[in-house]
Amino acid sequence: MAQQLDGEAKEKEITRLMDILELDLEQKNLLPPQRNALLAELKTHIRVVENSGPLFSPHGVKTLSRHSFDSNSLATSREAAKCLANVLLLESKTRQMFVDLGYPVKAAQRLKNDNKEDELLNTRILFLLTYDTAFDFSELFDEYQLAESINLNIVRHSKSYSKNGRRDPQTAIDTQALSETLKLLFNLSQYYPRHLPILARCAPSILKILNRTHLATPVLQPPVTYLVNALLNLSLHYDDKPMKDSGPNPYFPKPDQYCNIDRLISILDNAVRTYTEEQLETLVTPLVTLLRKVFEFAPSHVKPHMQTALLPSNSERSQPLGQSNTLASRLLRLSNSPVAPSLRESVSSLLFELSDKDATSFVRNVGYGFASGFLMTHDLPVPANATEGWSTGQNGGDLGEKLTSVDGKEINPVTGQIREMEPEASKEDMTEEEKEREAERLFVLFERLKATGVASVKNLVEQAVEEGRFQELE
């Protein structure tokens, strides 16, 4: 193992190794094992930016690129590509240098090799070129079949998974190569939407891997995270048409049209039970976004399946919604999270869309306590029939029918709990401080509703004052 150097000694050693490798390009004075050993030694010094200047110069990038893509030896090429990939990762300015040399084309051509190490190294190099360069991938798509190569590599990965689990043991390089390919796929689908129809042809293979891969603990780690992310931009396109207008939809395969949906929901359930809200903010938001997109294009018979799995069930209404340990209750609590704003918005949007984007159904499904913030921030007025219950107009009564009953039983529209299941002596059991907090909470809810302007709503505190039921303190 090469000695770990730093400071001036490290820079001198890098310069020495690069001089030998550069001379070898012209004179071919090294045997393959010697050349490979020098590259392996060089790689040990490419871990931090400090004192690595010779590697980050146009001269250094050119030397490594030539050994990576002009060598007749695949072993040499791969060893040099490891060094090159590390250089491109550590110093972003080297990526445009690599582009200016014209080597991205050769990297794309290497993706056609049926070799996991070639896939890993060259997808990583191309992935890095999607940042901090002016490189246009259009030529690679049009002239060098980049999309087809990515699809084929993902298909190859999917063949190592069977219905009963992995058919072949997955090595570290298998997982790394798949992860790099999925990362490249996501960025290309994001930046080059014109090529989405071709890129989306790998969706069935991605779903196959996701459905059959072993779920580790915690669940949201590679390759699962990259599989979910890769599907984000592919979920609306398949075979050159939007999914709902095309033929067989890869998300809902026969004979089990629920298998992929159930897998995504299972991953979500596992995640929200495992991670903190702060962690979920970055980790699970893409998964929730994917479920939203899939629901939009789900067949009519699949949508009720998703609604049943993700919305609170009637059996949960024996207590206020959001207090049980189910996935639906956990999602409700996340919809009010103060520390995860992106996730809060995404979960609330999912619940609203599962309610067919209807405010009345939304309030009925989750309770006004959870629905009010989303409705207010999105300028969505509560329908008149959803606010009758809070009105003190001539009709009196307690609530509009759509909000007041579930299976013929009256419910509290704010909490979603069945009225007859509410504790009868709850107020008597409350301390004065608890009563004050509850009154303040109700006051805020009624003021929010009043601000919608959709219905004539009178705050209960305001009403109590007018009726002389509000006692002044002496």
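This is a predicted model: local features need pLDDT of at least 70, side-chain atom pairs count only at pLDDT 80 or more; totals for chains, interfaces and linings use all residues.
Residues are numbered from 1 along each chain as its sequence is written, and side-chain values use heavy atoms, with hydrogens and water left out.

The chain has 474 residues, 47% of which count as buried. Buried denotes a relative accessible area under 20%, exposed denotes over 50%, and partly exposed covers the range in between, with a 1.4 Å probe and protein chains only. The accessible surface of the protein chain is about 23100 Å², and carbon and sulfur atoms contribute 49% of this surface. Among contacts in the chain with a separation of 6 or more, 67% involve residues 24 or more positions apart, a contact being heavy atoms within 4.5 Å.

The count of salt bridges is 18, where a salt bridge requires a side-chain nitrogen of Lys or Arg within 4 Å of a carboxyl oxygen of Asp or Glu. One of these joins the side chains of R78 and D118, with an N to O distance of 2.9 Å. R78 belongs to helix α4 (residues 74–90) and D118 to helix α7 (residues 116–128), and the pair, 40 residues apart, links distant parts of the chain. R78 is buried at a relative accessible area of 16%, and D118 is also buried, at 2%.

A salt bridge is also formed by the side chains of D142 and R194, at 3.6 Å from N to O. D142 is in helix α8 (residues 138–144), whereas R194 is in the loop between α10 (172–191) and α11 (196–199), so the pair ties together parts 52 residues apart in sequence. D142 is partly exposed, with 43% relative accessibility, while R194 is exposed, with 57%. In the salt bridge between R419 and E410, the closest N and O atoms are 3.7 Å apart. Both partners are partly exposed, R419 at 27% relative accessibility and E410 at 36%.

R330, in helix α18 (residues 327–334), is buried but has no salt bridge. The nearest side chain of opposite charge is that of D269, at 5.4 Å; Lys and Arg count as positive and Asp and Glu as negative, without His and the chain ends. Leaving aside residues up to four places away in sequence, R330 touches V272, R273 and N325.

Two packed helices are described by the angle between their axes and the distance between the axes. For helix α3 (residues 58–69) and α4, the axes come within 7 Å and cross at roughly 145°. Axes are lines fitted to C-alpha atoms, for helices over the stretch in contact, and angles run from 0 to 180 degrees between N-to-C directions. The crossing of α3 and α4 is left-handed, a term for a near helix turned anticlockwise from the far one by less than a right angle. The contact is made by V61, L64, S65, H67, S68 and F69 on α3, and by T76, S77, A80, A81, C83, L84 and V87 on α4.

Helix α13 (residues 224–232) is mostly covered, with seven of its nine residues buried. These are V224, T225, L227, V228, A230, L231 and L232. The buried residues of α13 pack against α10, α12 (203–212), α14 (259–274) and α16 (285–297). Helix α20 (residues 359–366) is likewise mostly covered, six of its eight residues being buried, namely A359, T360, F362, V363, N365 and V366. Just after α20, G367 has a positive phi of about 90°.

N314 is placed in the loop between α17 (303–310) and α18 and is partly exposed, at 33% relative accessibility. Although N314 and I418 are 104 residues apart in sequence, their C-alpha atoms are 9.0 Å apart in space.

Technical notes: Accessible areas come from the Shrake-Rupley method with a 1.4 Å probe; for residues, only the protein chains shown count as cover. Helices (H or I, at least four residues) and strands (E, at least two) are DSSP runs, numbered from the N terminus.
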